[in-house]
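Take a look at the fold before moving on to the details.

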Amino acid sequence: MKKKLLCCALLGAMSMAHSAMAQDFDDRWYISGTAGVLGTDDSRGTSNAGIYGVGVGKMVTSNVSIDVDLDRANTDIDPLPNQTWDLTGLSVTGRYHFIKEGRNWWPYLAAGIGA
């Protein structure tokens, strides 16, 4: 009987602690886009091409966000007519945002890994 009462008290305390630990940052998922120019190496005989991509991310704490991005580019192979080289990349990036009260922009440091 005492074990059951202790378990109920513990569960009650844990449920109250969860509501007391309200977060003060926006943790919604967001979508990002990528657009740019891919500069290729001349020794491979390829031309520069446009790069585009899409990503999703989320703020996990008030200063840290995690993003997953998928990028794609199609470059022409110069010596071969009508031949292209399709490049696809997947990356995970973590960012530390320097958020300051009253400022409308957030500089950040980013680190990531991709393939």
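Predicted model: local features only at pLDDT ≥ 70, side-chain atom pairs only at ≥ 80, totals over all residues.

## The end of the chain

Two residues are in contact here when heavy atoms of one lie within 4.5 Å of heavy atoms of the other. Leaving aside residues up to four places away in sequence, Ala115 touches Thr88, Gly89 and Leu90. Between Ala115 and Thr88 the C-alpha to C-alpha distance is 8.4 Å, although 27 residues separate the two in sequence.

Ala115 sits in the segment that follows β5. Is Ala115 buried or exposed? Its relative accessible area is 79%, so Ala115 is exposed.

## The overall layout

The protein contains 1 helix and 5 strands, and the order along the sequence is α-β-β-β-β-β. Of its 115 residues, 16% are buried. Among contacts with a separation of 6 or more, 42% are between residues 24 or more positions apart.

## How the strands pair

Strand β1 (residues 29–38) and strand β2 (residues 49–59) run antiparallel and are joined by 10 bridges. β2 and β3 make a hairpin, with 4 residues between them.

Further along, strand β4 (residues 84–97) and β5 are antiparallel, with 7 bridges between them. In this pairing, Thr93 stands opposite Gly112 in β5. How many of the 7 residues of strand β5 (residues 108–114) are buried? The number is 0, so β5 lies largely in the open.

## Two salt bridges

A search of the whole structure turns up 2 salt bridges. In one of them, the side chains of Asp67 and Arg95 meet at 2.2 Å, N to O. This pair links distant parts of the chain, with Asp67 in strand β3 and Arg95 in strand β4, 28 residues apart. Why do both count as buried? The cut-off is under 20% relative accessible area; Asp67 has 4% relative accessibility and so counts as buried, and Arg95, at 17%, is buried too.

There is also a salt bridge between Arg72 and Asp86, whose closest N and O atoms are 3.8 Å apart. Here too the pair links distant parts of the chain: Arg72 belongs to strand β3 and Asp86 to strand β4, 14 residues apart. Arg72 counts as partly exposed because its relative accessibility is 31%. Asp86 is likewise partly exposed, with a relative accessible area of 44%.

## A buried aspartate without a partner

Now look at Asp69, which is found in strand β3 (residues 64–76). Which side chain of opposite charge is nearest to Asp69? The answer is Arg95, 5.1 Å away. A salt bridge needs the nitrogen and the carboxyl oxygen within 4 Å, and Asp69, though buried, has no salt bridge. Arg95 itself is the residue that meets Asp67 in a salt bridge.

Asp69 does make a polar contact, side chain to side chain, with Ser32 at 3.5 Å. Not counting residues up to four places away in sequence, Asp69 touches Ser32, Val54, Gly55, Val56, Gly89, Leu90, Ser91 and Thr93. Among these neighbours, Gly89 and Leu90 are also touched by Ala115, while Thr93 is the residue opposite Gly112 in β5.

## One aromatic pair

A pair of aromatic rings is described by how far apart the centres are and by the angle of the planes.

Note on methods
Residues numbered from 1 in each chain as written. Heavy atoms only, no water. Helix = DSSP H or I, 4+ residues; strand = E, 2+ residues; numbered from the N terminus. Buried < 20%, exposed > 50% of the residue type's maximum accessible area, 1.4 Å probe, protein only. Lys, Arg positive; Asp, Glu negative; His and termini not counted. Polar contact = N/O pair within 3.5 Å; in protein donor to acceptor, adjacent residues only side chain to side chain. Pairing = 2+ DSSP bridges.
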